[in-house]
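Thanks, everyone. I'll walk through one structure, chain by chain. Please have the sequence and the 3D view open.

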Amino acid sequence: MASQDALYEEAAGEYGAALERLAGSYEFDRDKCRDLLQDIHLAIWRSFEGFAGNCSLRTWVYRVAHNVAASHVVRHQRAGKRPLVSLDEIDDLSMAGDSGDSFDRQQSVEQLREFIRQLKPMERQVILLYLEGTDAAGIAEITGISAGNVATKIHRIKKILAGRFGRGARHGK
Amino acid sequence: MENDDAAAAWQAQSGSGFRMSSEEIRNRLETMNRKMRRRTFDGYLVCAFLIVGFIGWMFVGMNTPQTIGAVFMIIATSYMAWQIRANRFRTPSIDVVDTLEHLRRELARQRDFHRGTRFWSRMLLLVPGGLIFFVGFAQAHPEVIRIIRFEIISFVIFAISAIPLNAWMARRYQKQIDALSRLEEES
């Protein structure tokens, strides 16, 4: 149990902030977001019972966290919710507050979060990992999709971020 | 905001520094386990109460239909207790890759408890058993026939309403399974 606790401590210290951002991207409601975050932490602690070190701590933590978050989405599906879209479809959507006026960093992060919530789970996972600074190989390992596919998605993400958020940021500067 | 800026802005979001102490984790897990055990225990308690009640009734002298009905009810209630045990919540697998598959299996098991063979086998044992028991009770005590009639009507209403109620529960679980499938398809 000591190693389970030690691993959790290490994971919480290293990835705690990233997990909070992840929870915020999956759940808009503040209280439910807190619950989701707790569930993620519990699942991570529990999962360390079976952690054999065959993959990095980072890979393990993100896999558990994304699985818990995906389960959360299933359990809290809201009626009348708009369908999730792929990165290819996202350009056709209008984004709230995407006027470019009074743009600041906080606002851009809010927009980014809203943008992520519209994405399909796998693409959401890829963009979150990308934003957390994970490289393509790391994303491929965590998500289980091919490196080539990850590279394509990252290319698309970069294009969207530059086109959509770059415009707003430049207005604000 | 350039790509690197986007990542930097994203990572710069101030968190609350949330983390749980090992004591908190153990307490939370214990509370969760206790809730699960409590729910299962409540089910057993109802079954045990009914079984003891019918066995006790058999000793105070009953006519043949009452005895047959009571035996049916004891068998039905024992069967229900076994179903509750078989349907109890299982701790998620520690194999993280299988977490969603585990959730799917759990949901499917919960759904099947409320529909199909498991539901109807329960009903087929409980309803005739209860009705036979009440008929015997009415034969043995014609002086309280009005009360027994009321009990029979209540029992039938309860049995009939169990059908849409269980169907509704099964649909709820099915919706979650469908949502999970959609999620996987979308991935």
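I'll start with confidence, then go through chain A, then chain B.

First, a reminder that this is a predicted model. The overall scores are ipTM 0.74 and pTM 0.67.

Now the per-chain confidence. Chain A has a mean pLDDT of 78, and 76% of its residues reach 70 or more. For chain B the mean is 84, with 88% of its residues at 70 or more.

Where does pLDDT stay under 50 in chain A? One such stretch is residues 93-103. The model still gives that stretch 19 contacts beyond four places in sequence. Another is residues 168-173, with 13 contacts beyond four places in sequence. A word of caution here. Where pLDDT is low, the predicted coordinates should not be read in detail.

Within chain B, confidence is lowest in helix α1, residues 3-11, at a mean of 77. It is highest in α5(B), at 91.

On to chain A. It has seven helices and zero strands. Reading from the N terminus, the order is α-α-α-α-α-α-α. The chain has 173 residues, and 40% of them count as buried. Now take contacts between residues at least 6 apart in sequence. In chain A, 66% of those join residues at least 24 apart.

Let's look at some individual residues. Start with A:Tyr15. You'll find A:Tyr15 in helix α1 of chain A, residues 2-26. Buried or partly exposed: which is A:Tyr15? It is partly exposed, because it has 19 other C-beta atoms within 10 Å, and buried takes 20 or more.

What does A:Tyr15 touch, leaving aside neighbours within four places in sequence? The answer is A:Arg58 and A:Val61. There is also a C-alpha distance to point out. A:Tyr15 and A:Tyr62 are 47 residues apart in sequence, yet their C-alpha atoms are 8.8 Å apart.

Next, A:Arg63. This arginine lies in helix α3 of chain A, residues 57-75. A:Arg63 has 21 other C-beta atoms within 10 Å, so it counts as buried. Its C-alpha is 9.4 Å from that of A:Ile44, which is 19 residues away along the chain.

Now please move to helix α5 of chain A, residues 121-131.

What does α5(A) pack against? One partner is helix α6 of chain A, residues 136-143. The two axes are 10 Å apart, at an angle of about 140°. The crossing is right-handed.

Here are the residues involved. From α5(A) we have A:Met122, A:Gln125, A:Val126, A:Leu129 and A:Tyr130. From α6(A) we have A:Ile139, A:Ile142 and A:Thr143. By class, the contact of α5(A) with α6(A) divides into six nonpolar, two polar and no charged residues.

Now look at the spacing along a helix. An α-helix has 3.6 residues a turn, so residues three or four places apart point the same way. Keep that in mind when you turn the view. A:Met122, A:Gln125, A:Val126 and A:Leu129 are among the α5(A) residues that meet α6(A).

Over to chain B. The secondary structure is six helices and zero strands. In order from the N terminus, that is α-α-α-α-α-α. Chain B has 187 residues, and 17% of them count as buried. Again, take contacts between residues at least 6 apart. In chain B, 75% join residues at least 24 apart.

One helix pair to show here. Helix α3 of chain B covers residues 64-86, and helix α5 covers residues 116-140. Their axes come within 7 Å and cross at roughly 155°. That makes α3(B) roughly antiparallel to α5(B). The crossing of α3(B) past α5(B) is left-handed. In that contact, 17 residues are nonpolar, eight are polar and two are charged.

That's the tour. I'm happy to take comments.

Notes. Residues are numbered from 1 along each chain as its sequence is written. Chains are lettered from A and ligands numbered from 1 in the order in which they are written. This is a predicted model: local features need pLDDT of at least 70, side-chain atom pairs count only at pLDDT 80 or more; totals for chains, interfaces and linings use all residues. Axes are lines fitted to C-alpha atoms, for helices over the stretch in contact, and angles run from 0 to 180 degrees between N-to-C directions. Helices (H or I, at least four residues) and strands (E, at least two) are DSSP runs, numbered from the N terminus. Angles under 35 degrees count as roughly parallel, over 145 as roughly antiparallel, 65 to 115 as roughly perpendicular and the rest as oblique. A crossing is left-handed if the near helix is turned anticlockwise from the far one by less than a right angle, and right-handed if clockwise. Ala, Val, Leu, Ile, Met, Phe, Trp, Tyr, Cys and Pro count as nonpolar, Asp, Glu, Lys and Arg as charged, and the others, Gly among them, as polar. A residue is buried if 20 or more other C-beta atoms lie within 10 Å of its own, exposed if 12 or fewer, and partly exposed in between; C-beta atoms are placed from the backbone. Two residues are in contact if their C-beta atoms, placed from the backbone, lie within 7 Å. pLDDT is the predictor's confidence in each residue, from 0 to 100.
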